[in-house]
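I open these notes with the chain on screen. The entries follow the order in which I looked things up.

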Amino acid sequence: MAEQGYHDYKCKNCGGPLIFKGDVNKMVCEFCDSQFDMSEFKDDERVREETSDWSQTAGATMAAGEAGMNEYACNTCGAVMVAEENVGATECPYCGNPLVIKDTFEGMNLPDGLIPFAVDKKSAQDALKNYYSGKKLLPKGFIDNNRMDNINGVYVPFWLFDCDVEGSVFYKATKERKYNKGQEEWKEIKDFAVSRAAGMKFEKVPADGAKEMNDAYMDSLEPYDYSKITAYNAAYMSGYVASKYDEDANAVKGRVDDRIRTTAKAEIRKTVEGYDSVSEQASDIDIKNGKISYCMIPVWMLTTRYNGEAYTFAMNGQTGKVTGDLPVDKGQATGYFAKVAGIAFVIFQVLMFLLKLFQNNNVVGIEIAALVVALIIGAIALSSAKSSMVSHQKHEAAQYLKQGSFKLNRKEDRHTGTRNELVRKAPEQNAGAK
Ligand SMILES: [Zn+2]
Ligand SMILES: [Zn+2]
């Protein structure tokens, strides 16, 4: 379409995307009907810019050389952990490789807040056993009871983002109606320029500050009950390991911005109703009054290495929700497939015998059909067993939208024109045929 390209220009009245209309030689806004001369736009006004404004207060630190504290490093994934001397962490909860104790305690930034562990080690081990049990494709000996002891209670560093959002979104939308003209079928398409502006608040959108932590695990451990956040106190560290952050708030800001913008747009989109088609043309989602705080979140974690790969089990230390992935044993998978398909085939034989289908003379055809069906059943069972080896779940920021904070500030639906399209021609008269 010739008009694309110009969508980068913003209307000075409503912010909508402008299109160039050759017949009037002007830039025209379909959303508020404004017109502008080309000369009114400088190059730097062209680009649609979204702002995000975040600030962070500096927190307290645990001084270097703190008595009774050890610092551990994983030389494989780079994680650095802090724990009391008697905790004796020996393996990296993120990658399963050995942790080495550092000579000196280099200090640590303390969180603005912390969610204490509410699930104890015994319950975490039980949940882990439960998670493994019934997994038919798990290699034998992948886990034994001794490994269960290595499950670590880890305070994972988190950045929590609070902000206000002001957003406007512009859509083209249509209402369609079919009608008949003689023997022809037509469609009437009414075009609308739809614009919305809304404000809303987000509270404590989380992003972890540990590079080593797989984001998919954290996303699926959510939500945490933030009402239980308390001020940091050294006593909460007792028996647990704190992971030092190696991604500061600036490093994760982009991911949080995207998450907030996606959710804000989805919320605004919900207010565009009653159309047959809606397509977004442009949007400005500004993030304001952003505040970032640093929080430690409890996770029970155990990573086991198998054939050079790391498999992590993680559990929300507050709610007990679990996530993880497990290796698939090729031999077990083949055996399982053969077993299910074999049983299905036998059942078919019995059914056919009972139904006296063998009296039919096409026995070979029926047998082949039964075999194919049995193989399909085996494949379905195998793929469902395989998918049970991985459990992740992704969330957008919708659950962090503050209840009742959504305010619609602009709601405009302008009818910009009506088109008629031929859907189906009248059937041809067979005149002259034969
Ligand atoms: Zn406008
Ligand atoms: Zn590691």
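Before checking a helix, I note that its expected span is 1.5 Å times one less than its number of residues. I applied this to helix α1, residues 121-132: its 12 residues should span 16 Å, and the end C-alpha atoms are 17 Å apart, which agrees. Just past α1, I found Gly134 with a positive phi of about 80 degrees.

Confidence. I am working with a predicted model. I looked up the mean pLDDT of the protein chain, which is 86, with 92% of the residues at 70 or more. I set residues 1-5 aside: pLDDT stays under 50 there, and the model has two contacts for them beyond four places in sequence.

Domains. I read off three entries: domain 1 covers 1-49, domain 2 covers 54-163 + 198-264 + 288-328 + 395-400, and domain 3 covers 332-387. I then took the C-alpha centres of domain 1 and domain 2, which lie 48 Å apart.

Sheet. I asked in what order the strands of the open sheet run. The order of the three strands is β1-β2-β3, and the pairing is antiparallel. I note that β1 (18-21) and β3 (35-36) are the edge strands; each has a single partner, so one side of each is left without a neighbour in the sheet. As background, strands of a sheet pair through backbone hydrogen bonds, either parallel or antiparallel. For β1 and β2 (residues 26-29), I found four bridges joining the antiparallel pair. Lys21 stands opposite Lys26 of β2. I also looked at the turn: β1 and β2 make a hairpin with four residues between them, and Asn25 in that turn has a positive phi of about 55 degrees.

Cores. Which residues of the largest nonpolar core touch the most other members? I found Val156, Ala242, Ile297 and Val299, out of 76 residues in that core. Both domain 1 and domain 2 give residues to this core, so it lies between them. A second, separate core has six residues, among them Leu137, Leu138, Leu382 and Ala385.

I went back to Ile297 for its contacts. Neighbours within four places in sequence aside, Ile297 is in contact with Ile115, Tyr155, Val156, Phe158 and Tyr224. Of these, Val156 is itself listed with Ile297 among the core residues that touch the most other members.

Definitions and conventions: Residues numbered from 1 in each chain as written. Chains lettered and ligands numbered in written order. Predicted model: local features only at pLDDT ≥ 70, side-chain atom pairs only at ≥ 80, totals over all residues. Pairing = 2+ DSSP bridges. Helix = DSSP H or I, 4+ residues; strand = E, 2+ residues; numbered from the N terminus. Domains from an automatic or database assignment. pLDDT = per-residue confidence, 0-100. Contact = placed C-beta atoms within 7 Å. Core = buried A, V, L, I, M, F, W, Y, C linked by C-beta atoms within 7 Å. Buried ≥ 20, exposed ≤ 12 C-beta atoms within 10 Å, placed from the backbone.
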